[in-house]
Amino acid sequence: MVGLNFLITRHAETDWNRHPRRLQGRADVRLSNAWLSHNKPYKKSILSKYEPDVIYSSPATRCLQTARLVFGDNIQVNIDEGLWEINNGFFSGELESDIKNIHSTLWGDWKKTPELVRPGGRETLQEMSYRVYNSLCSILNKNKWLRPRQKTREINHKMKWGIIAFFNF
């Protein structure tokens with residue numbers, strides 16, 4: 001698999017990414033209307049200059065929307081559950097400022113040692129990292145037939161352009 005390029009990219013903007021910021025987690029948030037109405041620069045970005053052989057995405061609507069905006073509605077997007085954003089339990093959908101105030105100890109612990117703390121009672125950063133790593137290894141293994149100069153993209157919540165993964169981070 002020498003020379004295979006892999007691109008991983010984050011989804012475009014949602015209303016929850018804007019101020020005041022809400023934690024998205026596993027909530028299935030769509031791209032913002034404001035962003036969708038001004039997406040021409042994004043479509044002309046570096047992502048649109050490649051023609052991937054394979055595209056993978058988190059199941060999140062925001063990731064699927066981003067993939068289709070960049071590559072068109074007729075592309076095949078492979079869904080990989082392992083590319084989901086961190087499962088932050090009851091933090092999901094909450095304003096970051098509210099979490100800091102209401103759950104200040106848990107928030108502080110999460111910010112200091114995210115690899116050990118389960119935000120909202122769900123998944124540590126380390127657990128999420130293992131999950132995403134295993135998914136990426138699986139994706140590479142499934143696509144080992146790709147020749148080094150073929151292009152792939154994966155879209156999720158960001159590597160050659162043989163596989164692109166869109167996912168949440």
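I worked on a predicted model, in which local features need pLDDT of at least 70, side-chain atom pairs count only at pLDDT 80 or more, and totals for chains, interfaces and linings use all residues. I counted residues from 1 along each chain as its sequence is written, and side-chain values use heavy atoms, with hydrogens and water left out.

**Helix H3.** I took helices (H or I, at least four residues) and strands (E, at least two) as DSSP runs, numbered from the N terminus. For burial I used relative accessible area: buried is under 20%, exposed is over 50%, and partly exposed is in between (1.4 Å probe, protein chains only). I found H3 at residues 61–71, mostly covered, with 10 of its 11 residues buried. The buried residues are Thr61, Arg62, Cys63, Leu64, Gln65, Thr66, Ala67, Leu69, Val70 and Phe71. After H3 comes Gly72, and I noted that its phi is positive, near 100°.

**Thr61.** I read a relative accessible area of 18% for Thr61, so it counts as buried. For contacts I required heavy atoms within 4.5 Å. With neighbours within four places in sequence set aside, Thr61 is in contact with Asp28, Val29 and Arg30.

**Gly82.** I located Gly82 in the loop between strand S3 (78–79) and H4. Gly82 is buried, because its relative accessible area is 8%. Again leaving out neighbours within four places in sequence, I listed Arg131, Val132 and Ser135 as contacts of Gly82. I also checked the pair Gly82 and Met128: they are 46 residues apart in sequence, and their C-alpha atoms are 8.6 Å apart in space.

**Ser97.** I placed Ser97 in helix H4, which spans residues 96–102. Its relative accessible area is 38%, so Ser97 is partly exposed.

**Cysteines.** How many disulfides does the rule count? I applied the cut-off for a disulfide, a pair of cysteine sulfur atoms within 2.5 Å, and the count came to 0. I then looked up the accessibility of two cysteines. Cys63 has 0% relative accessibility and therefore counts as buried. Cys137 is partly exposed, because its relative accessible area is 33%.
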